[in-house]
Amino acid sequence: MTGATSETTFRTAIVPAAGLGTRFLPTTKAVPKELLPVVDTPGIELVADEAAQAGASRMVIVTSPGKEAVADYFRDSPELEHALESKGKTELLARIRRAPGLLDVETALQEQALGLGHAVAQAEPNLTDDDAAVAVLLPDDLVLPTGVLSKMAEVRARHGGSVLCAFDIPKDRISPYGVFDVSDTDDGDVKRVHGMVEKPAPDEAPSTYAAAGRYLLDRAVFDALKRIGPGSGGELQLTDAVALLISEGHPVHVVVHRGGRHDLGNPGGFLRAAVDFALDDPEYGPALREWLTDRIGGTAD
């Protein structure tokens, strides 16, 4: 397993994966959205790999009844491994062993869909006294290139408190996002957070820095989650807990990520991610690029 070292500021990653995947129905009647492959690797494995690269040694998947397959994906498959080994399929064997070798996986159950804050709260019993902070990774968000969590850990080590990820979004496209009210630090890509506004009109947005699906949260967030009431949509919102901590003087910063992002939460975004990853694949990329060029040019069947 990839172990956390004394330099890392977290060892546990929480991945909320209890949703029904309604935008992918009817497929998600039988296959959890988190297991749909981006080329040949499920999105949740990509997220687990990102967490492991940043120093996590354990992942708590918050799931719902009927979605046991998400956690099962990270279990060993002795019979399949033996079959592949006996046929000399060493590359395939390494690939199916990869996910179970990334980190230790546990589950927490969210019986009702009561919001992201509620989902994160379900993982608290899985934590130990060593978990002074936890990472939360939303599996619908692929943040590219990976590495922002490591930068967030460095910022927490320097400033303490909680650290979130942000993207710099053009102001005319800011309205669908949660937007941070920030001030500068001595690092141009690190901002101190003073508040947050959900889905503001462009002329009312406090900045152009919008929340992404990566959080490095001080353990204090679990106490805050117990003290907030239902927010937007009648759900417990993680951002409301963070806002409560800010109001009580808890330091919160954002790391502005200058890379790319894919939204796996809807078919359109999922397709873009699959094409992007496939174009970089040495096996599939060249033929796909040629086909896309012809298809866009109108000459492919």
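**Close-up views of a predicted model**

**View 1. A salt bridge between Arg227 and Glu248.** In this predicted model, the side chains of Arg227 and Glu248 come together in a salt bridge, with a distance of 2.7 Å from N to O. The pair links distant parts of the chain, since Arg227 belongs to helix H7 whereas Glu248 sits in the loop between helix H8 (238–247) and strand S12 (252–256), 21 residues apart. Arg227 counts as partly exposed because its relative accessibility is 41%, and Glu248, with a relative accessible area of 45%, is likewise partly exposed.

**View 2. A salt bridge between Lys226 and Glu124.** Lys226 forms a salt bridge with Glu124, and the closest N and O atoms of the two are 2.8 Å apart. Lys226 lies in helix H7 (residues 220–227) and Glu124 in the loop between H5 and S6, so this pair ties together parts of the chain that are 102 residues apart in sequence. Lys226 is exposed, with a relative accessible area of 56%, whereas Glu124, at 25% relative accessibility, counts as partly exposed.

**View 3. A salt bridge between Asp131 and Arg58.** A search of the whole structure finds 20 salt bridges, and one of them joins Asp131 to Arg58, whose closest N and O atoms are 2.8 Å apart. Because Asp131 lies in the loop between helix H5 (116–121) and strand S6 (133–137) while Arg58 lies in strand S4, the pair ties together parts that are 73 residues apart in sequence. Asp131 counts as buried at 2% relative accessibility, and Arg58 counts as buried at 7%.

**View 4. The surroundings of Ile61.** Ile61 is found in strand S4, which spans residues 58–63, and its relative accessibility of 0% is why Ile61 counts as buried. Leaving aside residues up to four places away in sequence, Ile61 touches Val15, Ala17, Ile44, Val70, Ala71, Phe74, Val105, Glu106, Thr107 and Ala108. The C-alpha atoms of Ile61 and Val15 are separated by 4.9 Å, although the two residues are 46 residues apart along the chain.

**View 5. The contact of helices H3 and H4.** The axes of helix H3 (residues 78–86) and helix H4 (residues 90–98) come within 8 Å and cross at roughly 160°, and the two helices are therefore roughly antiparallel to each other. H3 passes H4 in a left-handed crossing, in which Leu80, Glu81, Leu84 and Glu85 of H3 make the contact with Leu92, Leu93, Ile96 and Arg97 of H4. The residues of this contact divide into five nonpolar, no polar and three charged.

Technical notes. Residues numbered from 1 in each chain as written. Predicted model: local features only at pLDDT ≥ 70, side-chain atom pairs only at ≥ 80, totals over all residues. Heavy atoms only, no water. Axes fitted to C-alpha atoms, helices over the stretch in contact; angles between N-to-C directions. Helix = DSSP H or I, 4+ residues; strand = E, 2+ residues; numbered from the N terminus. Parallel < 35°, antiparallel > 145°, perpendicular 65-115°, else oblique. Left-handed = near helix turned anticlockwise from the far one by under 90°. Contact = heavy atoms within 4.5 Å. Nonpolar A, V, L, I, M, F, W, Y, C, P; charged D, E, K, R; others polar. Buried < 20%, exposed > 50% of the residue type's maximum accessible area, 1.4 Å probe, protein only. Salt bridge = Lys/Arg side-chain N within 4 Å of Asp/Glu carboxyl O.
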